[in-house]
Protein chains: 2
Amino acid sequence: MKTTVTQLFNIEYPIVSGGMVWCSGWRLAAAVSAAGGLGLIGAGSMHPETLAEHIAKAKAALAGSGKPFGVNVPLFYPELARVIEILIAERVPIVFTSGGNPALYTERLKAAGITVAHVVASARFARKAEAAGVDAVVAEGFEAGGHNGRDEITTMALIPQVREATSLPLLAAGGIATGRGMLAAMALGADGVQVGTRFALSEESSAHEAFKKLCTELGEGDTMLCLKKLGPVRLVKNAFYERVAAAEAAGASADELRELLGAKRSKRGIFEGDLTEGELEIGQIASLVRRVEPAEEIVRSMMDEFRSAVNDMRTWEL
Amino acid sequence: MKTTVTQLFNIEYPIVSGGMVWCSGWRLAAAVSAAGGLGLIGAGSMHPETLAEHIAKAKAALAGSGKPFGVNVPLFYPELARVIEILIAERVPIVFTSGGNPALYTERLKAAGITVAHVVASARFARKAEAAGVDAVVAEGFEAGGHNGRDEITTMALIPQVREATSLPLLAAGGIATGRGMLAAMALGADGVQVGTRFALSEESSAHEAFKKLCTELGEGDTMLCLKKLGPVRLVKNAFYERVAAAEAAGASADELRELLGAKRSKRGIFEGDLTEGELEIGQIASLVRRVEPAEEIVRSMMDEFRSAVNDMRTWEL
C-alpha cells in the first residue's frame, strides 16, 4: 500500500506507533517496524543514556531488515540538547518532535540526514511546523491519551483543517485503534495514522501489566482531560484523578495542582503499576481495546480490517 | 443511495439536519427534506403553538412531494406532554428525542405510527434507547455544538462503540459538515449522519445573520465546552463565555453558574444576534464552514464530495 507516509518513511503500511512515555521502548518500536509499520521509541521517559541503549537495541533487532525505526522527542525535555546529539550521532533515521517549537532543532536534524515529523494539535501549529521545514505532520486530537492541546479539537474536526493548512504527509492521531478508524482518518484527508493506545496496551509495551489490564477493561467515559491549568493531560479516572477533579472543581490554582501532582506519577502509574495513585495516561479509545496483543497482530488486524472496509465501500451503489 | 437510514426514513440521502434551537424552523426542515435529506424542526425553542404552526408550514411546503420531515424534542422540555400530543395529533411522521429518558414516550409515539430516533452520547445510552424500542439512534460526539454528554466522548471514539452496542440504524453527529466527514462516520460504522453546524449556518436557518456571519469566521479552537456543573454546552468564546470560563476556573458552584447564565441567553445570542452577551451554541466544525449557503447546496455538495471520496478509494492499491 502506497501513501505519501509509506513513501516518506519507506515502510509497508501507513501505521506509526506513538512514542509513549513508559510504553515505547525498543521492543515495541522494533516489533511495529518489523511488522511493516513505523515503530517509535519514546524518549520522553528516558535518561539520555537509556535512550542510547534503546536505540542500539532497536538497531540490532532490525539489523539487515532494511526497516527503519524512529524516536519521539518532546521538545520540553530537560536534557534536550544532549538527546539531539545522541539522535544525530546514532544516525537515527526518523525523529518525531512534539510539545514545543519545531523551529528549534528541525534544521539541525535534517542537516544530519534525519527525516523529521512534528506533532501538532491545530492547523495553526501545522503551518508553523511546515514553515520550520519538517517533512511530515502528526495531527493529534482531543481524544488522545496523555498530553494534549489546549484547544480541545477532536480528530474529526482537526484532520480536515490540517489537511487544508498543509500539503505535507499527514498522520492522524487520537481515537484511532482499528482499521476502520484508520479508514475514517484517511477519508478526512490523512495519509496514515499514529496509534498510541492500542500499542501502549500491546505485549511489547513496557507498561506494567496491571496498567495494561486496567486499560483493556475501561468503559467509555473512564478517561478525562484534566490538569488544564498546568497543561492538559488525558488520564484514567482513578483515585488520583478524582482528587485532581475535586481540586479543579473547587478552583485550585496551577501551583496547587502542581503540588498535588508532585513528581514521577506517570512512572508510578504506567511503569510501576500503581493504579490508584499513579498518573495513568491513555486515550479515550482504550474502551475499544479489549486484549493485550502482540504488536505484529495489531498491525495485521488493522490492515485486514482496513482492506475489508475499503472493499465494502467499493460495493456501495452511490 | 441506500442505507438502513434512507430506508427507515424513506429519504434519498442519509443526511439529517439537526433540530437546533433558534435555527431549525419549518424553512430549514422543509428545504433539507426537499433536497432529499431529512429536515428536523427543533421544538426545543418553540412554544407548543409555535411548533404546531411550524409543522403545518413544513407540511404545506412538502405537500405532494412524498417527502417526510421530522421534529426534534428535548425530553426535558417543560411542556413536554403538550408537545407529544401535538406531534401525534398532527401525524408528524418522524420524531427525534434527545436529552432525557427514551422510555418516557417512545411507546406512545410508536403506537401512533411515528418513527422514533433518540440522541445519545454513549454506547450505554444507545443500549437504553434500543431497550425503549426506538427505531434508530443518533450518536453525538463531544465536538457537537450546544448541549453535550458528560463523558466527553468524541465522534471518532463514540461511533464504533455505539455500532458494537446496537444493530439499529445509526446516525453519527458531532464534527460532521462535509462529504468526507460523512464518509469517515460511515467508515466508523454509521448508516448516516446528522449535521448541525453547517445547517445552522445555512440561508434557511432562523438564526440571526450576525450569528451566522460570526460562526463562518471562527477559527479552530474558538468554541469550548463549558458550564459542566450545570450540563455541558459548547459555546463560542465570546465575552459571556469568558466570564463563565473565569468563574469556572475560580471554582464557581452550579448555583453561581446558573445565576451567571440567567434566562434566554441562547435566544439572545442565536436568534437576536447579541454576539457578546448571548449564549452562542455552535459545533467545533464551524471553523470548516466558511459560507452561508442554501440547504439544498449543502446536501448536494456533501453528496458530491462523498461520492468523489468513495471513488478515490476505488483507485487505492491495497
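1. Helix H8(B) passes helix H14(B) in a right-handed crossing, a crossing being right-handed if the near helix is turned clockwise from the far one by less than a right angle, and left-handed if anticlockwise. H8 (residues 179-187) and H14 (residues 295-314) of chain B pack at an angle of about 60°, with their axes 7 Å apart; axes are lines fitted to C-alpha atoms, for helices over the stretch in contact, and angles run from 0 to 180 degrees between N-to-C directions. H8(B) and H14(B) are therefore oblique to each other, given that angles under 35 degrees count as roughly parallel, over 145 as roughly antiparallel, 65 to 115 as roughly perpendicular and the rest as oblique.

2. The model is predicted: local features need pLDDT of at least 70 and side-chain atom pairs count only at pLDDT 80 or more, whereas totals for chains, interfaces and linings use all residues. Residues are numbered from 1 along each chain as its sequence is written, chains are lettered from A and ligands numbered from 1 in the order in which they are written, and side-chain values use heavy atoms, with hydrogens and water left out.

3. In the contact between these helices (heavy atoms within 4.5 Å), the residues of H8(B) include Met182(B), Leu183(B) and Met186(B), and those of H14(B) include Phe306(B), Ala309(B) and Val310(B). By class, the contact of H8(B) with H14(B) has nine nonpolar, one polar and three charged residues, where Ala, Val, Leu, Ile, Met, Phe, Trp, Tyr, Cys and Pro count as nonpolar, Asp, Glu, Lys and Arg as charged, and the others, Gly among them, as polar.

4. Eight strands of chain B close into a barrel with parallel pairing, in the order S1-S2-S3-S4-S5-S6-S8-S9. Strands pair if DSSP finds at least two bridges between them; helices (H or I, at least four residues) and strands (E, at least two) are DSSP runs, numbered from the N terminus. From one strand to the next, the twist averages 25°. Helix H4 (residues 80-89) of chain B packs on the sheet, where H4 touches strands S3 (70-74) and S4 (94-98) of chain B, and its direction makes about 165° with that of S3(B).

5. Chain B can be laid on chain A with an RMSD of 0.0 Å by a turn of 180° and a shift of 0.0 Å along the axis, the superposition being by least squares on the C-alpha atoms of residues with pLDDT of at least 70 in both. That is the relation of a two-fold axis. Because 98% of the interface residues of chain B are also interface residues in chain A, the copies meet through the same surface.
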